[in-house]
Every structure is written in C-alpha cells, then in structure tokens.
Amino acid sequence: MDAMTSLRVSVPFPAASELRCWKLDEFGELRGLRAALREAIARVPAAAQDDLTDKVAVVATELATNALRHGLPPTEVRLLRQADRLIIDVADHNLEAEPRLAEGRPLGAGGLGLQLTRTFAIDVGWYTTDDAKHVWASFPG
C-alpha cells in the first residue's frame, strides 16, 4: 500500500535572480535541458562542482518529468540563484494536482522523483501563483 504525503507549501527565496529559463513541451526535450543546465551551472563559480551539477541535473529532470506527466503545458524550468543557494523551480499549469511524495512503493513502480529530490536538495517545497504550480529545490551554490 502506498502512503502519500504532501510537500511543504513555501515560496522560496523571493530575492533570487534568474540565471536561465527553459520551456518544455515534450519528454524529448529533457536531454537538452540537462546539457544546458550543466553548462549554466558551470558558469557559476562557487557551484561548478561535478557532484552538485549532477544532483541539480537529476532533480531538474525528475521535476520536469513530473510536470510533463502530471501537469498542463507548458512546463517551465528556471535556474535561480540567491546568495549561497542555487534553486531549481519547475512550473506547470495544473493548479489542481498537488505534488505528493509516494512512500513505500517498490523500485520500478514510479513515484521516486520527489524522493530523490528530497535526498539531493537542501530544501524542497511548492507553491501556486494565479496560473501555475511550482515545485522547487535548493542546493548549496
């Protein structure tokens, strides 16, 4: 039996500046997102570490996959920075679907994206605006 729990509702880092933004309409665009994200992080001096870059790329891909699968297009992925943090903010336009953590599922049954996000990120949350739902994760940077 799957246990479902909610992510914490929280708007992250309101003073963060946007470093890059990508709009995705289909799963085939995820590979390009990962490559462009790695390139963008490499330009951030304090954040250009392979381990961090890999973790941010995995989380961005997982969150974007969830948005493409469960949300309404377009999916928007933003890389933000505030002080010593990098933030991935992924938005879709399905305001009805609250992001939920699937706990207790066997491997291969899906639902591990948010679990990986919680493992790799310092902090994770979500919020809505008038027209979009955002799931975000922050990293040292």
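**Helix packing and local features**

The crossing of helices α2 and α3 in this chain is left-handed, a term used when the near helix is turned anticlockwise from the far one by less than a right angle, right-handed being the clockwise case.

The model is predicted, so local features need pLDDT of at least 70 and side-chain atom pairs count only at pLDDT 80 or more, whereas totals for chains, interfaces and linings use all residues. Residues are numbered from 1 along each chain as its sequence is written, and side-chain values use heavy atoms, with hydrogens and water left out.

Let me give the overall layout. The chain has three helices and seven strands, these being DSSP runs numbered from the N terminus (H or I of at least four residues for helices, E of at least two for strands). Along the sequence, their order is β-β-α-α-β-β-β-α-β-β. Of the 141 residues, 43% count as buried; here buried means under 20% relative accessible area, exposed over 50%, and partly exposed in between, with a 1.4 Å probe and protein chains only. Among contacts (heavy atoms within 4.5 Å) between residues at least 6 apart in sequence, 66% join residues at least 24 apart.

I return to the helices. How do α2 and α3 pack? Helix α2, residues 50-70, and helix α3, residues 113-120, meet at an angle of about 150 degrees with their axes 9 Å apart. The axes are lines fitted to C-alpha atoms over the stretch in contact, and angles run from 0 to 180 degrees between N-to-C directions. The two helices are therefore roughly antiparallel; the cut-offs are under 35 degrees for roughly parallel, over 145 for roughly antiparallel, 65 to 115 for roughly perpendicular, and oblique for the rest. On the α2 side, Lys55, Val58, Val59, Glu62, Leu63 and Asn66 take part, and they meet Gly113, Leu114, Leu116, Thr117 and Phe120 of α3. The residues of this contact divide into six nonpolar, three polar and two charged, where Ala, Val, Leu, Ile, Met, Phe, Trp, Tyr, Cys and Pro count as nonpolar, Asp, Glu, Lys and Arg as charged, and the others, Gly among them, as polar.

Also in helix α3 is Thr119, which counts as exposed at 60% relative accessibility. Thr119 and Lys55 stand 64 residues apart in sequence and 9.5 Å apart in space, C-alpha to C-alpha.

Helix α2 has a further partner. Helix α1, residues 30-42, packs with α2 at an angle of about 145 degrees, and their axes are 10 Å apart. In this case the crossing is right-handed. From α1 the contact takes Leu30, Leu33, Arg34, Leu37, Arg38 and Ile41, and from α2 a list including Ala57, Ala60, Ala64 and Leu68. By class, the contact of α1 with α2 has nine nonpolar, three polar and three charged residues.

I turn to the aromatic side chains. A pair of aromatic rings is described by the distance of the centres and the angle of the planes. The structure holds one such pair. The ring centres of Phe13 and Trp136 are 6.2 Å apart and the planes stand at 80 degrees, so the pair is edge-to-face. For Phe, Tyr and Trp (its six-membered ring), pairing requires centres within 6.5 Å; planes under 30 degrees apart count as stacked, over 60 as edge-to-face and the rest as tilted. Phe13 sits in the loop between β1 (3-6) and β2 (17-24), and Trp136 in strand β7 (residues 133-140), so the pair ties together parts 123 residues apart in sequence. Phe13 counts as partly exposed at 22% relative accessibility, whereas Trp136 is buried at 1%.

The loop between β1 and β2 also holds Ser10. Ser10 is buried at 16% relative accessible area and touches Trp126, Tyr127 and Trp136, leaving aside residues up to four places away in sequence.

Arg78 lies in strand β3, residues 75-82. Is Arg78 buried or exposed? Arg78 is buried, with a relative accessible area of 19%.

Finally, the backbone. Most residues other than glycine have a negative phi, and most peptide bonds are trans. Pro73 and Pro74 are joined by a cis peptide bond, with omega at about -5 degrees, and Pro74 is in the loop between α2 and β3. Ala83 has a positive phi of about 50 degrees although it is not a glycine. Ala83 lies in the loop between β3 and β4 (85-92) and counts as exposed at 63% relative accessibility.
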